[in-house]
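Reader: I would like to go through the contacts in this model, within a chain and between chains. Please keep the answers brief.

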Amino acid sequence: MKRERGDILKDLSDGVFNMNEELVIKFSHEAVAVGLDALDSINNGLIPGMNKAGVLFDQEEYFVPELLLCSDAMYAGIEILRPHLKKGSVKEKYKLVIGVCEGDTHDIGKNLVKIMFDASGFEVHDLGRNVPLASFVEKAKEVDAHLICMSTLMTTTMDGMATVIEMLKEEGIRDSFKVMIGGGPISQAFANKIGADGYADNASGAVRVGKELMTGVAV
Amino acid sequence: MGTMESFAADNQTSLERVLSYLKGEKPQRIAAFPLILNHAARVLGVPVGVYNRDGKVMGNAHVAAWKKYGHDLILIFSTTSTLAEAMGTKMKFFDEDAPQIDVPLIKQHSDISKVKIPDFTKDGRLAVYLEATEICVAEVGSQVVVSTVFGGPFTTAAALYPVELLTRDLIKNPKWVHELLEICTQAGLKFIDEIFKRKALPIIVEPIGSGSLVSPRHFHEFVAPYLKRLADHIHKTGGGMPAALHICGKTTPNFRAMLEADFDIWSLDAVDMGEAKKAAGHRVVLIGNVNPANMLKNTAVEIDAEAKDICEKMGDRIGFILGSGCEVPINTPPANVEALINAARKYGRFDN
């Protein structure tokens, strides 16, 4: 029996929220089989589930393990649905470049921020960890990014963030990008000091700040 | 700051000051534990990459740092992954920074068979730590407590197996995680024995158990029980030595679960120390928590103000030690370390 759109979307959302990758895979196949629009299934099924997880993360009900398993389920669903996206159906998105500063290989925080931006409709270009500082600038220019996000867990590498901002200034392109920073030793005061546009102290906060920074910025 | 300042001279050695806490007596002033780790290399003027691979250099660096600053605890340490390194995880070394994990030992669950309790005479850099410990105990152990710091079971597990996979397996494969934690615990128990043999204090660091990573429920199930076995072992075999635990980052959500681990001393980072005191009561001595990035970036005057604020939050200051929230950054200006210690002399007095 063919189920209603609303039921399938709810199951997709609940599957992500409940960290149930197997169910999400099953319902994603069902969505394809009954001819649901793939973008609809992602945006109104998987993503709301992930955002619900983000709310619980904010409230300290979910922690890193739960958020990672929710994202595994979300990405498993997206994998199945992506080939069925209609050409031209995907709208232009805000683009961001994200990475962990050179000299630092700790990336779990950065990965959480990436997941939450993914779930919030940003196009994320992930440079990974231990990223040479010039690569932030190069990649941002290459993809015509709106936002540059840098993270570090270490005090030895935090000054790299200021260096990237200086590089942008030297090239005369500082105003082409918003710059956001975060990570263990980073604070709002440090962000102010180096002239970053935004700071957040956790993954869902990062998305809030990122969205605020995009207010009035054309896609 | 500077010439205008005056405070009574210390009339206790660092060792006497710290022993006052253990005896439940008030010291002349509170102790100061700026967590000087790799920064010791700077005091001796050697590259960090040399410091953390040569026991003599590491020991001499800490003796030199103590002679310069007179802080109340020597901490032999380079990274939280040292035990895991000795068990087979490959580290990446830097000339001017602490090593970081390069290739974790465990790639798939079956690799758990490769995890062995290390040989403390030759695996990884354990011998470096132990030699450094011996040097400090021999040279200044009559005046200051020397501690050797290593990663707790959960942190060691997360250095043997990528933390992103480990955290997922808390939910997906809990039984396997417990098996891994068991081996890490046994390695930790042996390390404690080696440290006690050298008349030093073992200190456990469990940053991966931070509230930024795991929930109170998971802390209760995967972190606290194993930490408690280390604490019990310290209590049983340490001849009155306290069990000390450091957890960096945000630990507030896990305070209650941390109490289960039965440590006598908590060293805390990004928390409100007043709240921590409320949670821990008089059962736990608290160390904290001048912001480490501020140690690097702020002026000595600002460090003094921040330390004063923390001391005021601690009310009667009984069972309180002024410290940095996490490692004193390698390139911290010496004046900031001195400001932290002087703040203990100014705002932590019991003799007036």
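Reader: Which domains does the domain assignment of chain A give?
Author: The model is a predicted one. In chain A, residues 5–84 are assigned to one domain and residues 95–214 to another. The names are domain 1 for 5–84 and domain 2 for 95–214.

Reader: What distance separates the centres of domain 1 and domain 2 of chain A?
Author: The centres are taken over C-alpha atoms. On that basis, the separation between domain 1 of chain A and domain 2 of chain A is 27 Å.

Reader: Which helix of chain A gives the most to the side of domain 1 that touches domain 2?
Author: Domain 1 of chain A brings ten residues to the contact, and domain 2 of chain A brings seven. On the domain 1 side, at least two residues each come from helix 3 (38–58) and helix 4 of chain A. By class, that side has six nonpolar, three polar and one charged residues. With six residues, the helix that gives the most is helix 3 of chain A.

Reader: And between the chains, which helix of chain A gives the most to the side that touches chain B?
Author: The contact joins 18 residues of chain A to 20 residues of chain B. Helix 4 (64–81) and helix 5 (108–118) of chain A each provide at least two residues of the chain A side. The one that gives the most, with four residues, is helix 4 of chain A.

Reader: How many residues of the side of chain A that touches chain B are charged?
Author: That side of chain A holds ten nonpolar residues and seven polar ones. The number of charged residues there is one.

How values were computed: Residues are numbered from 1 along each chain as its sequence is written. Chains are lettered from A and ligands numbered from 1 in the order in which they are written. This is a predicted model: local features need pLDDT of at least 70, side-chain atom pairs count only at pLDDT 80 or more; totals for chains, interfaces and linings use all residues. Two residues are in contact if their C-beta atoms, placed from the backbone, lie within 7 Å. Ala, Val, Leu, Ile, Met, Phe, Trp, Tyr, Cys and Pro count as nonpolar, Asp, Glu, Lys and Arg as charged, and the others, Gly among them, as polar. Domain bounds come from an automatic or database domain assignment.
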